[in-house]
Amino acid sequence: MRLHEPFIRWTGALLLLCPYIGAFQYPSKLDVSGSLVVEQLLKLATFSDVPNPAVTRIVFTPNDMKARAYVKDLMQLAGLTLREDAVGNIFGLLAGDGSAEGLVQTGSHTDAIPLAGAYDGTLGVIGGIAALRALSAAGFRPRRGIEVIMFTSEEPTRFSLSCLGSRAMAGVLSAETLARRLDENGTDFLTAATAAGYGRGSTQAMLDAARVKPGSVSSFVELHIEQGPELEANGTSLGIVTAIAAPAALRVRFSGDGGHAGAQLMPRRNDAGLAAAELALAVEAAALGTGAPDTVATAGRVDLAPNTVNSVPREAAVEIDLRDVDESRRDAVLAQILAAAEEIAARRRVRLQTEVANRDAPATCAAEVVAAATAAAEQLGASHARLVSRAYHDALFMAQIAPTGMIFIPCRGGWSHRPDEFASPAHVELGVKALALTLARLAGAAGNPGKAEL
Ligand code: GLV
Ligand code: MN
Ligand code: MN
């Protein structure tokens, strides 16, 4: 018994000193419930055009508006100060003490591609709100304000261009480009945004209003599910992203003469659908041809007209998604696909129209954000690894205006853009805590930092 006394005394002294070692400035006992965040994600998933577990939620549709209302409610419940910009980005602010320049921002998207799941993007919004709520509940007062953002239309589903909200904030979206992107009913973004209560008099005025002032964002960090298999396969709990791959999108339209599927004899046909089928195979061959696993290309959408069984396809519109961490290699593959489209069109006697819908540069994550996220993972005692994001995110465009990084959590089987997308409540909780601690480090603690310690 006596032998243990010094041990107990020393252990007690060490425990008392603990708040002053390493974790002195940052709250370490954050109140985050993974199961509550998942409950909120599943509630958000109910705002869907299709029955759950599948989720379809397209920008400025009634379900997107319900999701927006829910996000705003959660922001208000978390005590955040709300604002919205001209393109419909929604912001919730945990105010800073004003002693340092610029906001630290986080966030992601809540729109969902057709037949998606409940976690893509939504984690970074609902989890971002939970992170700010936990920091505030822990008594953490930041120097810089910390803001969580629900970005408008990260997915390209409605206007055939990704990351509209973050492109607008970064000032890299031209009014001409945006005004030309019509949805399938011929509606442009400004009209849809105005109907949703956003917008300005013109597309240019709307974009000017949404653009952030230089220097107003001091850093950005996005929490997201990995959407790939590496973390789960390696038993790693957190991914610290070092770079985001460069996406491009290509639209190809083949037009033939169509005709009756019984009466039009085979030698007379110029079948636009068959040109599209050949192009899809050429896309696969071009991506495989680099020999690099980082090159990926997909002909994910083919629309035929008149799309009926007893007519030869007259029109075929193909949308191609192409990505690589190496931008010049991606551009070489893009050129190869365009050449293949020309060769197919000439040989099959169909007319051809092509449009490079976007060709974005890759992003390198900022050392200071990577370091903050790494320190947060270590403070939590979580296994972590550096990795590249092969998916694009709003972070790709925020990186153009502020030092940027991302935190990934594993998702089951690495699956995403599927109804069975899933991340465990434990990983959700860990991801939100890691985000909170990263934000706290980037924002700095106001006044006496010791007061922030739990
Ligand atoms: C985002 O949804 C992507 O396609 O990378
Ligand atoms: Mn997505
Ligand atoms: Mn996403």
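Four strands line up as an open sheet in the order S10-S11-S9-S12, with antiparallel pairing; strands here are DSSP runs of E with at least two residues, helices are runs of H or I with at least four, and both are numbered from the N terminus. Two strands count as paired if DSSP finds at least two bridges between them. The model is a predicted one, where local features need pLDDT of at least 70 and side-chain atom pairs count only at pLDDT 80 or more, while totals for chains, interfaces and linings use all residues. Residues are numbered from 1 along each chain as its sequence is written, chains are lettered from A and ligands numbered from 1 in the order in which they are written, and side-chain values use heavy atoms, leaving out hydrogens and water.

At the edges of the sheet sit strand S10 (296–305) and strand S12 (351–359), each pairing on one side only. Neighbouring strands are turned by 15 degrees against each other on average, direction ignored. Such angles run from 0 to 180 degrees between N-to-C directions, with axes fitted to C-alpha atoms, for helices over the stretch in contact. Inside the sheet, S9 (residues 246–255) and S11 (residues 315–324) pair in the antiparallel sense over 10 bridges, and alanine 249 faces aspartate 321 in S11. Helix H11 (residues 327–348) packs on this sheet and touches S9, S11 and S12, its direction making about 5 degrees with that of S9. Contact here means heavy atoms within 4.5 Å.

Then there are the metals. The manganese ion (ligand 2) is held by Asp120 (OD), Glu155 (OE) and His417 (NE2) at 2.0 to 2.2 Å. Donors are N, O and S atoms within 2.8 Å of the metal (3.2 Å for Na, K and Ca), and sites may look incomplete because water is not among the atoms. Along the chain, the donors of ligand 2 are spaced D-x34-E-x261-H. Aspartate 120, in the loop between strand S5 (112–116) and helix H4 (122–137), and histidine 417, in the loop between strand S15 (404–409) and helix H14 (425–443), are 297 residues apart.

The manganese ion (ligand 3) has His109 (NE2), Asp120 (OD) and His224 (NE2) as its protein donors, at 2.0 to 2.3 Å. Aspartate 120 bridges the two manganese ions, which lie 3.7 Å apart. Since histidine 224 belongs to strand S7 (residues 217–225), its pairing with aspartate 120 ties together parts 104 residues apart in sequence.

How accessible are these donors? Aspartate 120 counts as buried at 7% relative accessibility, and so does histidine 224 at 1%, whereas histidine 417 is partly exposed at 36%. Buried means under 20% relative accessible area, exposed over 50%, and partly exposed in between (1.4 Å probe, protein chains only).
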